[in-house]
Amino acid sequence: MWVTRFAPSPTGLLHLGHVASAMSGLSYARPGGRWLIRMEDIDPQRCRPEYARQLLEDLAWLGLFSDAPVLYQSACLAEYRQTLDILEQMGVLYPCFCTRSDIARESAAIFSAPHAAPDGSLLYPGRCRSLPAARREELLARGRPHVLRLNMQRALECAGGAESLYYNTPEGRRVQCRPALFGDVVLARRDIPASYHLCVTHDDAKQGITLVTRGKDLRPATDLHCLLQNLMGWPRPHYTFHPLLCGADGRRLSKRDNARSVRAMREAGMCKEEVMRAAGF
């Protein structure tokens, strides 16, 4: 019996890609397990309370209800800060004052072309990792904007080495992780108090998630999450990855590409069974 979760960001209306993701987790949780809803709403620029409310309304119309009170990440900011404090005490975090243009310029100078991490983000060359302590304290005292980065090499040492990092699938297959490919990732941004990677691993532990079901596009990020779980001593859930739902043009359905919302389908007269079939269930 699995405990799974559906964790949308309330930046738009529920669409078929959401429904497919929600049903993927629910299919493992039923019968006998638990299926939870989490709102990943820590981005103040993009997340809106009305979208969170509408997401829950559309899920309810489909007959999908959380087996526990909905968790809102915006209510957990103090807990994320505590986690960052622990990581700082471990010596695996450092402030980075570089801008994106700084990183692109330095990366190009070192590698002849900017290198990317598995998730497509620009690989950080590491300038601020070796910044003298006095210079670092001076910039912090002056209020210089910065992010907090994970010192990957030190984190791997504290986590017991790369060979200790793996996750299991529901079928019992063991998958080795390679978080070093991400380099020194950002765990707290200037405008958002904690990164997706930190929040999701914290919340999975807090909610007792035993199986994470996520799209195949997030498989590489799972390596980072296993590293954070080892560092924090959090339970390691199993992981499985579902195919992404695509439109007629072959592109994945997403809010940024104006995927048709469940609400629009309702208003057009479709019943919930038709919506479920359109989502592949």
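Three strands form an open sheet in the order β1-β2-β3, and the pairing is parallel; two strands count as paired if DSSP finds at least two bridges between them. Helices (H or I, at least four residues) and strands (E, at least two) are DSSP runs, numbered from the N terminus. This is a predicted model, where local features need pLDDT of at least 70 and side-chain atom pairs count only at pLDDT 80 or more, while totals for chains, interfaces and linings use all residues. Residues are numbered from 1 along each chain as its sequence is written, and side-chain values use heavy atoms, with hydrogens and water left out.

At the edges of the sheet you will find β1 (3-6) and β3 (71-72); each has a single partner strand, so one side of each lacks a neighbour in the sheet. β1 pairs with β2 (residues 34-39) in the parallel sense over 4 bridges. Look for valine 3, which stands opposite arginine 34 in β2.

Now for the helices on the sheet. Helix α1 (residues 16-29) packs there, touching β1 and β2, and its direction makes about 170° with that of β1. Helix α2 (residues 49-61) also packs on the sheet, touching β1, β2 and β3, with its direction at about 155° to that of β2. Contact means heavy atoms within 4.5 Å. Axes are lines fitted to C-alpha atoms, for helices over the stretch in contact, and angles run from 0 to 180 degrees between N-to-C directions.

Finally, turn to helix α3 (residues 77-89) and helix α8 (residues 221-232), which pack at an angle of about 75° with their axes 11 Å apart. Their contact is made by Thr83, Ile86 and Leu87 of α3 together with Leu228, Leu231 and Met232 of α8.
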